[in-house]
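Trainee: Please take a close look at one part of this model, starting from the pairing of its strands and then turning to the chain contacts.

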Amino acid sequence: MIEFPLGSEMFGIWNWADAAIRIVIVVLVMTIVAMYLIYGERKIVARFQQRLGPTRTGPAGLLQSFADAVKLISKEDIRPDGADRWVFEFAPYATFIPVFMTLCVLPFAADWGVRNLPLGMFFVFAVLGLNIVGVMMAGLGSGNKFALIGGVRAAAQMISYEIPLVLSLLSVSMIAGTLDLNEFAAKQGDYPFVILQPLAFIIFVTAMLSELHRAPFDIPVAESEIVGGYFVEYSGIRWSMFMLTEYAALWSFSVFGGIVFLGGWNFPMGNEWGWGWQLALTFIKSALFIFFIFWVRSTVPRLRIDQLMTFCWKILLPLSLVQVVANGFILVYDGPYWLLSLTSGVGAILLIAIIINRAFRRRTATTSLVGAYRGAQVSAQ
Amino acid sequence: MSIWPTERTLTADEATFDTVDMTINIGPQHPATHGVFRMVLTVDGELVVDCEPYIGYLHRGLEKLTETADYRQAMGWWDRTDYLAGMCCEWAYCLAVEKLSGIQVPERAEYIRVIMAELSRINSHFMFLGAFGADVGSFGTSFVYGWRERERIYDLFEEVAGDRMFPTYFKIGGVTMDLPENFESRCRWLLDSIRQGLEDLDGLLTGNEIFVERCRNLSPLTKDRAIALGITGPILRATGLPWDVRRAEPYGIYSRLDFEIPVGRQGDVFDRYFVRLAEMYQSVRIIEQCLKEMPKGGLVCATDLPKTLRIESGECYIRTEGTKGEYGVYAMAKGGNKPYRMKLRSPSFCNLSALREMVVGNYVADAIIILGSLDIVLGEVDK
Amino acid sequence: MSKASAFPYPVGTQAPNAKLAELLAALVNGLGGRIGRTTTDVDVTVPVDKLETLVRGLRERSALSFDMLRNVAGADLGDEGLALKYHFYSFKHGHCLQVTVALPPHQHPHAEVPTLTGLFPAADWHEREAAEMFGITFTGHPNLKNLLLEEDLHIHPLLKAHPLQVAELKQGIEDGPAGFTF
C-alpha cells in the first residue's frame with residue numbers, strides 16, 4: 001500500500017496536497033518528455049533518412065521544441081466557420097485528459113506514482129478507451145471532410161485494436177494474478193513477463209502502434225491522404241495540445257508496456273539498487289519502446305483500412321484468444337512456467353514465420369525481374 | 001454552414017434511413033497531388049464512386065508563347081514542361097526543329113544527348129520512386145533516398161551545362177558546349193552511386209511487405225484498354241506490351257544501342273512501379289555503352305547553322321520517349337524565324353485523362369496511390 | 001513479371017512510309033480525300049463530314065488497324081481557316097499517320113467536327129483542349145467543358161487573332177477594355 005508522507009487519512013487535506021504535488025511533478029516531467037520526444041523523433045528519423053535534423057536552435061538543436069512551442073502559442077487560434085463551436089474547442093482537452101489520467105496511475109519507481117490503484121490496469125484500459133471521444137469530437141466538430149474521415153477512421157481503428165490489446169494484457173495478468181501495476185512490477189524481479197508471454201508482447205506492441213496512430217497504422221492521420229485527419233483544422237495552441245497528447249500518450253504507453261512486459265522498475269536489480277536505478281530503468285525501457293516506434297515509422301508505409309481491420313480481426317484477435325485459453329489451461333492445472341513460455345513462444349514464432357514467409361515468397365517472385373536486369377547489365381560491361 | 005449535403009438533412013427524419021455520397025476535394029494544395037492538381041472524389045464511405053480531375057492551374061500558354069519567340073529562344077519554355085527531366089524535352093523540341101530545317105547533328109553530340117537524356121530519365125524516375133513511397137505512406141525515407149542520387153545527378157548537370165534543373169544545354173544542331181575533361185570518370189562514379197541508390201530503394205520499397213501488399217493487384221489495366229485510353233510509357237509497358245518509342249520508332253542513335261524494355265504482367269500499380277525501377281537499370285546500361293562508344297573528340301554542334309534560323313514551310317510530328325511516355329511535338333513552319341504552330345503531346349496529360357477510370361471503385365487511400373503511380377508532372381500536363 | 005522481351009512488332013521510322021500511302025489509296029480516294037506527306041508522316045486530308053468514316057476504316061481494316069490516337073493538334077492557318085491534325089498509330093504494323101481536317105473560314109467561329117471519343121476514348125481531353133483553344137465544337141462530345149482555361153473563360157488563345165496581352169488582361173478583368181491603357 002502507498003504510504004502518504006504528509007498524512008495518512010484517505011481524504012484529508014494533506015492527502016490532497018500530496019496528490020497535487022505529485023501531479024505537478026508528473027505534468028512537468030511529461031511536458032519536458034513530450035518536448036524532447038519531438039526533438040528526439042526529429043533527430044532519430046533524420047538519421048534514418050541520412051539527414052541531420054535540427055541543429056541550429058541551441059547546442060545540437062536541443063532548444064528546437066521550445067522555439068516551436070513559442071511559435072505555436074503565439075499563433076492565431078483559428079476556428080473555421082463551419083465548425084461546431086464547443087465541440088471543436090473542447091476536443092483537444094477531451095483527448096488530453098484520458099492520457100493524463102493514465103499517467104496518474106503508473107508506478108515510475110517502487111511504490112511511487114501519483115496514486116497506485118489495486119485495479120490499475122483495468123483503469124488504464126477504461127480511461128484510454130475515452131480517447132476516442134476527443135478524436136471523434138475533433139473529427140465531427142471541425143466541419144471538414146478530411147477531419148470527418150479521419151475521426152471515423154480513428155474510431156473504427158481504435159475500437160478494433162482495443163480488443164487484442166486488452167486480451168494480450170489479460171493473458172499477462174492471468175500469470176501475475178493481479179491488476180495492480182505496482183505489484184506487476186514487483187513480481188518481475190527475476191525475469192520479465194516478456195519471457196513468459198512473447199506472443200502477448202508482440203500483439204501488445206502492434207496494438208499499441210495502432211492505438212497511438214503510429215506508422216504503419218497512421219491511417220486516421222494519414223498525411224498523404226487526409227492531411228492530418230481529425231486535427232487538420234486546428235492551429236496554434238489547440239494544435240499543440242494535440243501534439244502534446246500524442247507524445248504524452250506515446251510516453252505513457254511506453255512506460256505502461258515497460259511495467260507490464262519488461263519488468264518496470266524492478267528488473268534487473270531494481271529492488272537492490274534503490275529508487276534512482278528504478279527511475280532510470282523506467283526511462284530506459286520506455287526509451288526502448290519509443291525508439292522502436294520511431295524506427296518503424298521511418299521504415300514502413302501505411303496499411304489500408306481494410307487490411308488493417310483484416311490483420312486485427314483475423315490474425316491478432318484469434319491469436320490472443322488462443323493465448324488466453326492456453327494460459328488458462330496451464331494455470332488451472334498448475335503447469336510449469338516453462339510451458340507458458342513454450343506455448344507463447346511457439347505462437348510468436350508462428351506469427352513471425354507467417355509474415356516472413358509471405359514476404360520472402362513475394363520477394364523472390366518480384367525481384368527475379370530486377371535480378372534479370374542486373375545480370376544483363378553486368379554482362380554488358 | 002454545414003458539411004452535410006442538404007439532401008441528408010432533409011431525409012434524416014424519415015423512417016427509411018438514407019445515405020448520400022459525399023464529395024471530397026483533393027487539391028489544388030494537397031501533399032498527394034504532386035503540384036497544383038485538383039480532383040473531386042465522390043465517395044460512398046471510403047469507396048470512390050466518381051472522380052473528376054481538374055487541371056490547368058499551371059497553364060502558362062507554352063504553345064502560344066512558342067509562337068511568339070525565335071526558334072532558339074523558345075526552347076527555354078520547353079525545358080519547363082517536364083521539369084524533372086528538362087533535357088528530354090529540349091531534345092524533342094530540337095529534333096522537331098532539326099527535322100523541319102534539315103540540320104544534321106554531329107556524332108559526338110548525339111552521344112552526349114543520349115547520355116544527358118538518360119540521366120534525366122534516371123533523375124525523374126528517382127523522383128517517382130521517392131514520391132511514390134511517400135504516397136504509399138512511408139515517412140519521407142524513400143524520398144530522401146531518391147533525393148540523394150538526384151542531388152548528385154544535378155551536380156553533374158551543373159558541371160556540364162552550368163545549370164541544374166533547366167540547363168537549356170541542347171541547341172538546334174547539337175549541344176551548346178563540349179563535356180568537361182573529367183566527365184567520363186565523374187559519370188562512372190555517378191553511375192555507381194546511382195546503382196547503389198537503386199539497390200537501397202529496391203530494398204526499402206520492394207522488400208517491404210506492406211508496400212507490396214498495398215500496390216499489388218491495384219487497378220490492373222489490360223493492354224487493349226491502355227491503348228484505347230492513349231496511355232504510353234511505363235504504364236503501358238506495365239501491362240505487358242514492350243512498346244517504347246526508343247525501340248518502336250527510333251530517334252537519335254537509339255537504334256545502335258543495346259538495351260531491353262522491361263515489361264510488367266498485369267498493369268497494376270506494383271508493375272508500374274517495378275517497370276520504372278527496372279528501366280533505370282537499363283538507362284544506366286545505355287549510358288555505359290555511350291561512354292564506351294562515344295567519339296573522343298570532334299564537333300558537338302553543326303557548323304552550317306544560319307545566324308537566324310528561318311524555315312520556309314513544313315510540318316512534322318516528332319515523338320520521343322519522355323520519362324512519362326510518348327513526348328510528341330507537332331511542329332508547323334510557315335516562313336519567318338518563329339514556329340507557326342507547335343503542339344505538345346504530353347504523356348502526363350494523356351495518362352492523367354485515364355485517371356477517372358482507374359480510380360473509380362477503389363478506396364480513397366488507393367486513389368492517392370493510383371494518382372502517384374501515374375507519375376504526373378503538372379508542368380507537362382498543363383503546358 | 002515476365003522477362004523482358006524484344007519489341008514484337010515491326011519497327012517504324014519517323015519518316016513517311018511509301019507502302020502505307022499505297023495501302024491507304026483505296027480508302028482515301030473513295031472518300032474524296034487526298035494523300036500527301038509531311039516530313040515525318042503520311043498525311044491524309046479529308047473533308048469534315050468524311051472524318052468519321054475514314055477513321056472507322058483506318059481502325060477496322062486489318063491492313064491498316066490504327067488502334068491508337070496519339071495526338072490531336074489544332075492549327076489556325078489564317079486565311080485558310082482552321083485545321084485539325086490527328087495522329088494515329090498502329091501497334092500491329094508500326095505505322096503512323098496524320099489525318100488533316102480543314103475547317104474553312106466561313107465556318108468559324110462555329111466550326112463543327114464530329115467527336116472521335118466513341119472510337120478512341122483517348123480523344124476526350126485532346127478534343128476538349130482543341131475546343132477551348134480554337135473554339136471548335138466537337139459534336140457528340142460527352143463533356144466539352146474548358147480543360148486548361150478557367151471554366152467560364154470563353155476566349156480562344158491559340159487563334160492567331162488573339163494577341164497575348166489581351167489574354168493576360170482578360171484573365172484578371174473580365175469586362176474591362178482589352179489592351180494596355182497607358
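Mentor: In strand β3 (residues 47-54) of chain B, B:Pro53 stands opposite B:Met39. The model is predicted, so local features need pLDDT of at least 70 and side-chain atom pairs pLDDT 80 or more, while totals for chains, interfaces and linings use all residues. Residues are numbered from 1 along each chain as its sequence is written, chains are lettered from A and ligands numbered from 1 in the order in which they are written, and side-chain values use heavy atoms, without hydrogens and water.

B:Met39 lies in β2(B), where B:Ile26 is also its opposite. Strands here are DSSP E runs of at least two residues, helices H or I runs of at least four, numbered from the N terminus; two strands pair if DSSP finds at least two bridges between them. With β3(B) it makes a hairpin that has two residues between the strands, and B:Gly45 in the turn has a positive phi of about 70°. Of the seven residues of β2(B) (38-44), five are buried (under 20% relative accessible area, 1.4 Å probe, protein chains only; over 50% is exposed, in between partly exposed).

Now the contact with chain A. Chain B gives 55 residues and chain A 43 (heavy atoms within 4.5 Å). About 4600 Å² is buried between them, 58% of it from carbon and sulfur atoms; this is the accessible area (1.4 Å probe) that two parts lose on being put together, summed over both. Two salt bridges cross this interface (a side-chain nitrogen of Lys or Arg within 4 Å of a carboxyl oxygen of Asp or Glu). One joins the side chains of A:Arg153 and B:Glu46 at 2.5 Å, N to O. Elements of chain B that each supply at least two residues to its side include β1 (22-26) and α12 (269-293). The largest share, nine residues, comes from α12(B).

The other contact is with chain C, taking 56 residues from chain C and 57 from chain B. About 4800 Å² is buried there, with 58% on carbon and sulfur atoms. The rule finds eight salt bridges between chain C and chain B. A salt bridge between the side chains of B:Glu326 and C:Arg70 has an N to O distance of 2.9 Å. On chain C, β3 (68-76), β4 (82-89), β5 (96-103) and α3 (123-134) each supply at least two residues to the side that touches chain B. β3(C) gives the most, eight residues.
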